[in-house]
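Colleague: Could we take a close look at one part of this model? I'd like to go through the charged side chains.

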Amino acid sequence: MHEFSMVNQIFKRCLEVARQNNATKISEINIEVGDFALIVEIYAQQAFDILKKGSIAENAILDIKRTPGVIHCNSCQQNSKIWFSKEKEKAANEGRLEKYEKYEKEVAEKSLLEADPNLGTNIFHCRKCNSSNTTLIEGKGIVIKGIRT
Ligand SMILES: [Zn+2]
């Protein structure tokens, strides 16, 4: 369950920010999760509930907003917004599921910080020309958008 380590990193960072600002409590944390980070929201919420116990964020809400991935096509230079599950479904229908499963496995096994930075290269198909000569340029990360004290 890689959600725990991801949320743990985010949570520690929020506590640090709160401390730097002399905040005595955190009431809400807003994060944006790239769809290609493959975070299962319910697991992320469960991890957050465990982590926040006994902290200044004990009563805090974790607000998660999903953002799509963006691939850049090296053939036609077009950028396309894509969602992992839709791409996977399309790949399954077209009989090319292998790379997607490999991607899922790598994301699940390693923290995205340790994963190959080229993860997501030459897997996803361009929306415009259908080339797989693409690079995933957005959607693998988690960003803290706001902390309410
Ligand atoms: Zn293209």
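Colleague: What is the relative accessible area of Asp49, and does that make the residue buried or partly exposed?

Modeller: Asp49 has a relative accessible area of 37%, so it's partly exposed; buried means under 20%, exposed over 50% and partly exposed in between, using a 1.4 Å probe and protein chains only. Keep in mind that this is a predicted model, where local features need pLDDT of at least 70 and side-chain atom pairs count only at pLDDT 80 or more, while totals for chains, interfaces and linings use all residues. Residues are numbered from 1 along each chain as its sequence is written, and side-chain values use heavy atoms, leaving out hydrogens and water.

Asp49 pairs up with Lys52 in a salt bridge, 3.6 Å from N to O (a side-chain nitrogen of Lys or Arg within 4 Å of a carboxyl oxygen of Asp or Glu). Both sit in helix α2, three residues or about one helical turn apart. Lys52, at 14% relative accessibility, is buried. Elsewhere, shared partners link Asp35, Glu41 and Arg66 into one salt-bridge network.

Within that trio, Arg66 meets Glu41 at 3.1 Å, N to O. Arg66 is in strand β2 (residues 61-67) and Glu41 in helix α2 (residues 41-52), so this pair ties together parts 25 residues apart in sequence. Arg66 is partly exposed at 25%, and Glu41 is partly exposed at 33%.

Over in helix α1 (residues 2-20), Glu16 and Arg13 are three residues apart, and their closest N and O atoms are 2.8 Å apart in another salt bridge. The search of the whole structure finds eleven salt bridges.

Note on methods
Helix = DSSP H or I, 4+ residues; strand = E, 2+ residues; numbered from the N terminus.
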